[in-house]
Amino acid sequence: MKQKFDIIESTCVPLPLENVDTDQIIPARFLKATTKDEKFFGDALFRDWRYENDGTPKPDFVLNRPEFSEKPHEGCHQILVAGKNFGSGSSREHAAWAIAGYGFRVVISSFFADIHKNNELNNFVLPVVVSEDFLAELFATLASDPQARVRVDVPSQTVRNLSTGREEKFELSAYKKYCLMNALDDIDYLLEHKDRIEAYEKASSRY
């Protein structure tokens, strides 16, 4: 979903597991789908961790626990805090579709697989890389207070644990930052510069 990014302040969903791969994010059988319906892929997020074979929710999985089961909306559960090496494995873009479709706008981890990181950015999910110490503090904060809030400030490229006041900077390319803050995908960005591109092509054709 194309949404402008500015400052996101929200409660979080903790997933303190390392090496979560794209098959765990969304199982391979969903890759056969020909739709990009957000609800379809959001419902399939962590499908085998969330549900039994008969569709019964697994009560111990974080998204089914009462304190985290409410679907993301403004100020609530828009941030997923995940363990190191999130999104490893195959390069399927469906994993990013599922995260976005569920409603997460930010994923915080100490390391992302590169392809998955780019897939998130291309689908209007912001991957925020923090130090392992900062990530450990976030998990500890959320374990003691599920209602703890985190502020992700895209203009200043900072993330703050509001419970402790600790803040870190995160990296984001100028191009992706502009696109996120203006709700532009790559095609939108090119169309925004259509006149300049056409003028350049016209000038180049003279030579």
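Does Asn19 count as buried, exposed or partly exposed, and at what relative accessibility? At 44% relative accessibility, Asn19 counts as partly exposed, where buried means under 20% relative accessible area, exposed over 50%, and partly exposed in between, with a 1.4 Å probe and protein chains only.

The model discussed here is predicted, so that local features need pLDDT of at least 70 and side-chain atom pairs count only at pLDDT 80 or more, while totals for chains, interfaces and linings use all residues. Residues are numbered from 1 along each chain as its sequence is written, and side-chain values use heavy atoms, with hydrogens and water left out.

**The chain as a whole**

The protein chain holds 9 helices and 7 strands, these being DSSP runs numbered from the N terminus (helices H or I of at least four residues, strands E of at least two). With 207 residues, a compact globule would have a radius of gyration near 17 Å, and the 18 Å of the protein chain agrees with this; the radius is taken over C-alpha atoms, and the globule rule is 2.2 Å times the number of residues to the power 0.38. Along its principal axes the C-alpha trace spans about 65 × 45 × 30 Å, and 46% of the 207 residues count as buried. Among contacts (heavy atoms within 4.5 Å) between residues at least 6 apart in sequence, 64% join residues at least 24 apart.

In helix α5, which covers residues 114-122, the buried residues are His116, Asn119, Glu120 and Leu121. Their cover includes α1 (22-25), α4 (94-102), β3 (106-109), β4 (126-129) and α7 (174-181). Two packed helices are described by the angle between their axes and the distance between the axes. For α4 and α5 the angle is about 45 degrees and the axes are 9 Å apart, with axes fitted to C-alpha atoms over the stretch in contact and angles running from 0 to 180 degrees between N-to-C directions. The two helices α4 and α5 are therefore oblique to each other, given that angles under 35 degrees count as roughly parallel, over 145 as roughly antiparallel, 65 to 115 as roughly perpendicular and the rest as oblique. Ala95, Ala96 and Ile99 of α4 make the contact with His116, Asn119 and Glu120 of α5.

After α5 comes Phe124, whose phi is positive, near 60 degrees.

At 3% relative accessibility, His77 counts as buried.

Met1, placed in the segment before β1, is exposed with a relative accessible area of 51%. Leaving aside neighbours within four places in sequence, Met1 is in contact with Glu38, Asn123 and Phe124, and Met1 and Arg105, 104 residues apart in sequence, are 9.3 Å apart in space, C-alpha to C-alpha.

Gly83, in the loop between β2 and α4, counts as buried at 3% relative accessibility. The C-alpha atoms of Gly83 and Leu17 are 4.7 Å apart in space, although the two residues are 66 apart in sequence. Not counting residues up to four places away in sequence, Gly83 touches Leu15, Leu17, Glu18, Ser109, Phe111, Leu135 and Phe139.
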